[in-house]
Amino acid sequence: MSNWTADDHRFMSRALQLARHGLYSTTPNPRVGCVLVKDGRVVGEGWHERAGADHAEVAAIKDAGPNAAGSTAYLTLEPCCHQGRTPPCSDALLAAGVTAVVYAIDDPNPKVAGSGAAALRDAGVTVRPGLMAAAAAELNLGFICRMQRGRPWVRLKLAATLDGRTALADGESRWITGKPARTDAHRWRARSCAVMTGIGTLLADDPLLDVRHIETPRQPLRVVVDNNLAIPTTAAMLQRGNGVLVATASTDEDRLEAVRATGAEVVQLNTARGRVALPRLFEALAAREINEVTVEAGQTLNGALLAAGLVDELVVYYNARIIGSSGRGMFVSPALASMDEAPGFAIHDVRMFGGDLRVVLRPAERPVGHV
């Protein structure tokens, strides 16, 4: 274990701050920041903005110019060592004359996975990994999840009353929470590669599922889970343009053709029970380089995802009102025989947005900072 100094933490904190600039734009690549330090002074900074653009290391080297020679690079992620959309960053660091590299986490990409650090060590560069690893992993939990588990990080966003009701008996839910909470919910959409809903929510609310309340350089893919392909061709999200994927178990060729004619993509992923195979859907999304999926759905899809073990995170906004037993709940699930069968979650973060309480939870068996 390296003995980290206060300066080490300060420079890595700055690298993490730079990496966060790519929160809404970097996907499908990881969010990475880099700080070059020489003689105790920052001489270059950079962050990865979008796929195909300079990686953080290259941006920092360009910022530093000749001062990059003899510097120490503080990186939130192990430098890549393979040719992708851009050349290897390990080569760029060596060519610039960087003599030491401190990084937070190993790159989970099998094409790197320690090879970048090894290449630098073999060239005589001092390499120290592991500084502020949990913070760096948190920033890239979707990328890590896709690389390690072959599917995106799945986040369920819910708005509920104090007694856990998400809508009135007739489905009315606008608005349970106030504007500050709804604006914050759009930040989750903006950082996600895809936003998913079920056909029940679409028929009831006709949502757009796009990012509107905050500035973002891109819009997420909108995904609808629709077993029987009941989505109307007049649905608002279909009228908004491309970027819609409908997952269905239907084999009705007329319906398939009608929905595709709107510009939406339709994928058939049926199970023996005539429902969309959810694990296969997330594997298909991972194949499209989707890192994070935010699900904004009703109790049926929420319950199916929970039962399938596909929920990595819950983001619940609680409003201090009570609807009562007539209201709709968060999850449809079979009756449990004992409390031991109930899925357990651990509280990860709690904060207020206006008059609403936001609680972020993750499966209790998964330690904080791990995916």
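The chain has 371 residues, and a compact globule of that length would have a radius of gyration near 21 Å; the chain has 23 Å, which agrees. This is a predicted model. Along the principal axes, the C-alpha atoms fill a box of roughly 65 × 45 × 40 Å. Within the chain there are 12 helices and 14 strands.

Take the five-stranded sheet to begin with. Its strands run in the order β2-β1-β3-β4-β5. The sheet is open, and its pairing is mixed. At the edges stand β2 (41-47) and β5 (126-129). Each has a single partner strand, so one side of each is left without a neighbour in the sheet. From one strand to the next, the twist averages 15 degrees.

Inside this sheet, look at β3 (residues 72-77) and β4 (residues 100-105). These two strands pair in the parallel sense, over five bridges. Tyr 74 stands opposite Val 102 in β4. Strands of a sheet pair through backbone hydrogen bonds, either parallel or antiparallel.

Next comes a helix pair. How do α2 and α3 pack? Helix α2 covers residues 56-64 and helix α3 covers residues 89-96. Their axes lie 9 Å apart, at an angle of about 20 degrees. Angles under 35 degrees count as roughly parallel, and α2 and α3 are therefore roughly parallel to each other. Their crossing is left-handed. From α2, the contact uses Glu 57, Val 58 and Ile 61. From α3, Cys 89, Ala 92, Leu 93 and Ala 96 take part. Six of the contact residues are nonpolar, one is charged and none is polar.

Now turn to the sheet of nine strands. The order is β10-β9-β8-β7-β11-β6-β12-β14-β13. This sheet is open too, with mixed pairing. The edge strands are β10 (265-268) and β13 (345-353), and each pairs on one side only. Neighbouring strands here are turned by 20 degrees against each other on average, direction ignored.

Met 196 has Val 223 of β8 as its bridge partner.

A helix covers part of this sheet. Helix α6 (residues 141-149) packs on the sheet. Which strands does α6 touch? The contacts are with β6 (153-161), β11 (292-295) and β14 (356-363). The direction of α6 makes about 130 degrees with that of β6.

Conventions. Residues numbered from 1 in each chain as written. Predicted model: local features only at pLDDT ≥ 70, side-chain atom pairs only at ≥ 80, totals over all residues. Heavy atoms only, no water. Axes fitted to C-alpha atoms, helices over the stretch in contact; angles between N-to-C directions. Helix = DSSP H or I, 4+ residues; strand = E, 2+ residues; numbered from the N terminus. Parallel < 35°, antiparallel > 145°, perpendicular 65-115°, else oblique. Left-handed = near helix turned anticlockwise from the far one by under 90°. Contact = heavy atoms within 4.5 Å. Nonpolar A, V, L, I, M, F, W, Y, C, P; charged D, E, K, R; others polar. Pairing = 2+ DSSP bridges. Rg over C-alpha atoms; globule rule 2.2 N^0.38 Å.
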